[in-house]
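Please keep the model open while reading this note. It goes through a few features, one point at a time.

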Amino acid sequence: MMAEQTKETRGFQTEVKQLLHLMINALYSNKEIFLRELISNGSDAADKLRFEGISNPEYFEGDSNPLAIQIEFDKEKKIIVIRDNGIGMSREEVISHLGTIAKSGTQEFLNNLTGDQVKDNHLIGQFGVGFYSAFIIAKKVIVKTRRAGLTAEEGVQWESFGDGEYTIENIHKSTRGTEVILELKDGEEEFLEGMRLRHIVTTYSDHIGLPIMMKAESYDDDEKKEINPEKEWETVNKATALWALPKSEIEESAYQEFYKHIAHDFENPLVWAHNKVEGRLEYTTLLYIPARAPFDLYQPNRTRGLKLYVKRVFIIDDAEQFLPRYLRFVRGVIDSNDLPLNVSREILQSNRVVDAMRGYIVKRSLSLLEELAKSDSDKYLGFWSQFGLVLKEGPAEDFANKELVSSLLRFASTHTDVEKQQHSLDEYIERMKPNQDKIYYMAADTFNAACHSPHLEVFRAKNIEVLILYDRIDEWMMSHLTEYKGKKFQSVAQGALDSLDFSEEAKSPEAKKEEQEKQLEGFKDTLEKIKEILKEKIKDVRLTERLTISPACIVVDEDQMTSQMERLLRSAGQDIKLKPILELNPQHLLVQRLKEEGNQEHFKDLSYILYDQAVLSEGGQLEDPATFVKKFNELLLNVAK
Ligand SMILES: Nc1ncnc2c1ncn2[C@@H]1O[C@H](COP(=O)(O)OP(=O)(O)OP(=O)(O)O)[C@@H](O)[C@H]1O
């Protein structure tokens, strides 16, 4: 058995090789983070042992030493050792954790790196480098580990120069846990100083709920020697779980570093909320909104959720039951006094305590965003640019909080005509005309297509604001958003046009109707002929007031899906083809010319041209573009004659 498991050399997964190379360059200016990363792993390992030890007390192996991390260094040998007595790793675990990257989307992520150090630094931070950051300062890394519960003979030693290969062999290791030995590169001697290491520990890892220990040092400067060669271990950090402390005792920087530890992020969070809930249920939450989206935010199988503790004992990472999908960017900790310590993911699935806490966490996360939007709108727009697309899933997913989520949405609008999504629905309502009772929006595949759409002409002419929607998810979102604060949403490309005359002197509906009927009378035959010609393509044809510049546009019925939605579903493989309504601008010369056209062939050609250009201008594709171009050229030639 053991013979099969002797020393072997293995290659890193290709992605690890690429990542190592990039990371060492990109993070060199911030190299001290290696210690935070290795301490973080040791702390996670202690958390896991505490949890697994609840149902397997033998994992503690009768050892009464408290869980802790030890850091030692040796100036002569130029090594730093980071040791923990946590869960440790089996041989299989070492192979899968320290030679591969299991995160999905890694290759796409690596392809996105540019070679530009500043940009890549950010991206790599988002990715989370973890253990491999040891190679920033170490020429060789040795890991000695043994999983709790296995025999001393099942210890494992892993070694690598970070150059593409590692060796792995079984060793005798009497204590459980993991020891990481870093053989420093030349020039990295600054880390062989107790003061320096202590400073890094207190800067980055003060808040970790596990003692981080170093040998006590006192140095006589005059004598130039150690005063206390028989060194005692002493705790360097505060070693209390940050969320368990009163808010008043926690400094901003401690909140920030704690975030980096739990979220594996390199950047400070945008905002956070630390709350203790007391009453029928008791729990503490510490919720963070990151400043930057992680690289895999849209990976379907990405892990998400909060770190769950029960009475300070770590239970699981990524407890997704506490957050709906549209808040998957929220990171943090929840510590419950009511859940049992042996709680499993299955129990979390349907549990009233969990439901109550989830309700609170959702509300608190949304109110945190609301507070940010009110107090610092620029910062909020920064959040929106990173996570807006995810929040847009909210109205469909969370019926109960639809209004609150809607208030957090931001849109582009004809108010500014720029692509940046910066207008809230409340701002729109404030700017509405006195008698206006609908929120108008225009959705298209791109900002330019929406912004230049003929559907907006009359709104622009009458100075009525329209929200511009151009993200892929928007149509789907709008299908779940019918109204906000009593105001209905109305697509400007859907249904008959409302009366947009909101002034006091607006004509009465009766007078208006009469006028329209008169106009229609003159166009009746023309419309019937067009309908007959285009009957394969359109459901109906009618006159419109929607247009002030263009001759024609297409719209869909109130209860029909919009053309953009139709295209979306078609691209997803659905076989649908809906017939739109063609609307004509009776004031336009081309439409008037059509009305007068006596030549049947020309009438037919012009009808097709009007329809085709209406399709084009709302971002659609022509079934037969070549014929359109041919007919269009003929028309131009006719005009030129
Ligand atoms: N000291 C340790 N004790 C036990 N397992 C460890 C230890 N260090 C690393 N591991 C294992 O190796 C895995 C990979 O570690 P690594 O630091 O690369 O990534 P991570 O901590 O999972 O996430 P991130 O890359 O975001 O930091 C860990 O998830 C853990 O399973």
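1. The model is predicted. The protein chain is divided into three domains by assignment: domain 1 covers 2-238, domain 2 covers 247-371 and domain 3 covers 520-640. Between the C-alpha centres of domain 1 and domain 3 there is a distance of 68 Å.

2. Aromatic pairs. A pair of aromatic rings is described by the distance of the centres and the angle of the planes. In the whole structure, 22 aromatic pairs are found. One of them joins F12 and Y132, with 6.4 Å from centre to centre and 85 degrees between the planes. Since over 60 degrees counts as edge-to-face, the pair of F12 and Y132 is edge-to-face.

3. Where F12 and Y132 lie. F12 belongs to the loop between strand 1 (8-11) and helix 1 (14-26), and Y132 to the loop between helix 5 (117-127) and strand 4 (138-146), so their pair ties together parts that are 120 residues apart in sequence. Are these two residues buried or exposed? Both F12 and Y132 are buried.

4. A second pair. F447 and Y470 are also edge-to-face, with centres 5.6 Å apart and planes at 75 degrees. F447 is in helix 14 (residues 447-451), while Y470 is in the loop between strand 19 (467-469) and helix 16 (474-478); the pair links distant parts of the chain, 23 residues apart. Buried means under 20% relative accessible area. F447 has 9% and is therefore buried. Y470 has 13% relative accessibility, so Y470 counts as buried too.

5. A cluster of rings. Which residues do ring pairs link into a cluster? The cluster consists of F12, F131, Y132, F135, W158 and Y166.

6. Charges over rings. The charged end of R36 sits over the ring of F266, at 5.0 Å from the ring centre. K595 has its charged end over the ring of F523, and here the distance to the ring centre is 4.7 Å.

7. Positive phi at D417. Phi of this residue is near 55 degrees, which is a positive value in a residue other than glycine. D417 is in the loop between strand 17 (412-413) and helix 13 (425-431). D417 counts as partly exposed because its relative accessibility is 30%.

8. Positive phi at N463. N463 is not a glycine, yet its phi is positive, at about 60 degrees. The loop between helix 15 (457-461) and strand 19 holds N463. Exposed means over 50% relative accessible area. N463 has 59% relative accessibility and so counts as exposed.

9. The second largest pocket. Rolling a probe the size of a water molecule over the atoms shows where empty space is left. The second largest pocket has a volume of about 520 Å³. Its lining is made up of 23 residues, and Q516, R542, L543, T544 and E545 lie nearest the centre.

10. Helix 17 (509-533) and strand 22 (540-543) each supply at least two residues of the lining. Which element gives the most to the lining? Helix 17 does, with 10 residues. By type, the lining of the second largest pocket has 12 charged, 7 nonpolar and 4 polar residues.

Note on methods. Residues are numbered from 1 along each chain as its sequence is written. This is a predicted model: local features need pLDDT of at least 70, side-chain atom pairs count only at pLDDT 80 or more; totals for chains, interfaces and linings use all residues. Side-chain values use heavy atoms; hydrogens and water are left out. On a 1 Å grid over the protein atoms alone, a cavity is a set of points where a 1.4 Å probe fits but cannot get out, and a pocket is an open set with protein on both sides within 12 Å along at least five of seven lines; lining residues have an atom within 4 Å of a point. Grid points are joined across faces, edges and corners, and a volume is the space filled by probe spheres set on the points. Helices (H or I, at least four residues) and strands (E, at least two) are DSSP runs, numbered from the N terminus. Ala, Val, Leu, Ile, Met, Phe, Trp, Tyr, Cys and Pro count as nonpolar, Asp, Glu, Lys and Arg as charged, and the others, Gly among them, as polar. Domain bounds come from an automatic or database domain assignment. Rings of Phe, Tyr and Trp (its six-membered ring) pair if their centres lie within 6.5 Å; planes under 30 degrees apart count as stacked, over 60 as edge-to-face and the rest as tilted. Buried means under 20% relative accessible area, exposed over 50%, partly exposed in between (1.4 Å probe, protein chains only). A charge sits over a ring if NZ of Lys or CZ of Arg is within 6 Å of the ring centre and within 35 degrees of the ring normal.
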